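Student: Could you take a close look at one part of this model for me, the aromatic cluster, and walk me through what surrounds it?

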Amino acid sequence: MTPGRPSPPPAPEPAPTADQATEDAMSNATTVSPAHSASSASTLITNIAALVTNDPSLGDGSPLGLIQDAAVVIEGDRVVWTGDQSKAPATDNRVDAGGRAVLPGFVDSHSHLVFAGDRTQEFNARMSGRAYSAGGIRTTVAATRAATDAELEAGLTRYLAEALRQGTTTFETKSGYGLTVEDEARALRIAAAHTDEVTYLGAHIVSPDYTDDPAGYVSLVTGEMLDACVPYARWIDVFCEKGAFDGDQARAILTAGKAKGLHPRIHANQLSYGPGVQLAVELDAASADHCTHLTAEDVDALANSRTVATLLPGAEFSTRAEWPNARRLLDAGVTVALSTDCNPGSSFTSSVPFCIALAVRDMRMTPDEAVWSATAGGAAALRREDIGRLTPGARADLILLDAPSHVHLAYRPGVPLVSGVWRRGTRVV
């Protein structure tokens with residue numbers, strides 16, 4: 001369960017524009033006025049019942065690096081100290097955590113947030129017995145093309161605010177609901193105003209405009225569309241699946257993206273067995289996402305690579321599909337991430353805590369494994385070392401639970417336990 005050797009991104013992620021006014025103090029927390037300017041002030045968060053650091057050299061020596069009766073010191077946008085509260089240094093500010101748990105902010109490394117429209121009827125039909133397939137994406141494509149930039153950005157910031165209130169401090173999001181040069185580029189431009197973790201997914205499905213010419217659409221995705229999208233994206237993704245893109249098409253798309261400086265990720269083996277996971281490992285993709293239908297060779301390939309298996313339990317919940325075998329992956333030594341896959345068709349949730357509870361209950365992960373995968377695992381899936389942990393030098397992204405232990409995220413499913421969020425050292429919830 002140890003991540004590969006992820007490298008930090010070229011630039012820090014910008015803060016979200018939504019929900020920045022929600023910095024009111026939590027109940028039972030005391031803050032002392034700063035003695036210095038906000039940019040240089042230090043803050044001690046103390047009286048922490050259990051601190052998840054994700055550094056096994058600390059605390060109990062587990063992958064979570066759990067410290068009991070702990071404290072953490074923030075200065076500027078960084079963590080500068082963690083340890084036993086009795087040994088905490090003096091600071092400008094002080095926050096009493098009131099015997100609650102503190103964790104790194106959740107890292108949601110797979111979402112589809114730039115879209116318009118509603119697929120309630122599709123969900124209702126599916127819950128009434130209709131099977132899920134890749135084709136439903138076309139409904140969202142039509143609505144997204146018809147939406148204005150302002151409407152798309154309003155939706156994006158709404159879902160980001162939801163996620164932030166539930167503890168997500170870093171998120172990746174994709175294009176994929178435009179499928180024209182102009183619509184894919186504008187989706188990425190809108191997303192890039194809110195995060196550096198932007199993924200070009202022109203290869204979500206074959207555009208309805210190219211139904212009779214899939215080869216022509218691959219040429220567009222790897223040519224003019226790619227050129228228009230490169231300035232806004234860090235990643236390139238492809239849905240490698242029956243009804244979307246086969247292995248050869250996916251390889252051509254990802255290879256073209258790599259040649260333009262975008263790093264691969266891939267929707268792999270969600271609905272059926274296929275070449276996606278092997279292709280991900282071959283191309284050193286940061287992550288292979290879904291990973292529901294795996295052969296022994298697929299598991300072995302992941303275990304011997306830097307590619308993270310990102311599991312998306314919200315999708316299985318919302319489609320009544322087979323659960324990924326998380327236990328098999330973890331026992332083989334694969335690095336696992338947990339993310340929401342927030343999208344309007346197959347996983348319309350922005351809640352990482354909900355996905356943690358599903359992973360523990362239905363994918364047979366332990367609470368420790370699920371929390372690690374939703375924090376450090378997500379960071380590994382983005383090849384980031386500055387997030388997903390609470391150790392000196394890490395970005396000061398952390399959440400306070402209204403509970404004494406991280407285990408309550410699975411123990412009390414559906415309960416809004418996140419009572420405080422700091423992002424880059426600033427209280428935002």
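Tutor: Mean pLDDT (the predictor's confidence in each residue, from 0 to 100) is 91 for this protein, and 90% of the residues reach 70 or more. It's a predicted model, so local features need pLDDT of at least 70 and side-chain atom pairs count only at pLDDT 80 or more, while totals for chains, interfaces and linings use all residues. Residues are numbered from 1 along each chain as its sequence is written, and side-chain values use heavy atoms, with hydrogens and water left out. One stretch to set aside is residues 1-38, where pLDDT stays under 50. Where pLDDT is low, the predicted coordinates should not be read in detail.

Now the cluster. Phe115, Tyr159, Tyr177 and Phe348 make up one aromatic cluster. The pairing rule: rings of Phe, Tyr and Trp (its six-membered ring) pair if their centres lie within 6.5 Å, with planes under 30 degrees apart counted as stacked, over 60 as edge-to-face and the rest as tilted. That rule gives 7 aromatic pairs. Take Phe115 and Tyr177: this pair is edge-to-face, 6.2 Å centre to centre with 75° between the planes. Phe115 sits in the loop between strand E5 (106-108) and helix H1 (120-127), and Tyr177 in the loop between strand E7 (173-174) and helix H4 (181-192), 62 residues apart. Helices (H or I, at least four residues) and strands (E, at least two) are DSSP runs, numbered from the N terminus.

Phe115 also pairs with Phe348: the centres are 5.9 Å apart and the planes at 70°, so this pair is edge-to-face too. Phe348 is in the loop between strand E14 (336-338) and helix H12 (352-362), so the pair ties together parts that are 233 residues apart in sequence.

How buried are these rings? Buried means under 20% relative accessible area, exposed over 50%, partly exposed in between (1.4 Å probe, protein chains only). Phe115 comes out buried, at 4%, and Tyr177 is buried as well. Phe348, at 47% relative accessibility, is partly exposed.

Next, look at Thr140 in helix H2 (residues 137-146). With a relative accessible area of 2%, Thr140 is buried. Contact means heavy atoms within 4.5 Å, and leaving aside neighbours within four places in sequence, Thr140 is in contact with Phe115, Ala116, Arg119, Tyr177 and Pro344.

A charge sits over a ring if NZ of Lys or CZ of Arg is within 6 Å of the ring centre and within 35 degrees of the ring normal. The charged end of Arg265 is over the ring of Trp235, 4.4 Å from its centre, and Arg427 lies over the face of Trp422, at 4.7 Å from the ring centre.

An open sheet of 7 strands runs E3-E2-E1-E4-E15-E16-E17, with mixed pairing; two strands pair if DSSP finds at least two bridges between them. Strand E3 (78-84) and strand E17 (426-427) are at the edges with a single partner strand each, so one side of each has no neighbour in the sheet. Strand E16 (residues 418-423) pairs with E17 in the antiparallel sense over 2 bridges, and Arg423 has Thr426 in E17 as its bridge partner.
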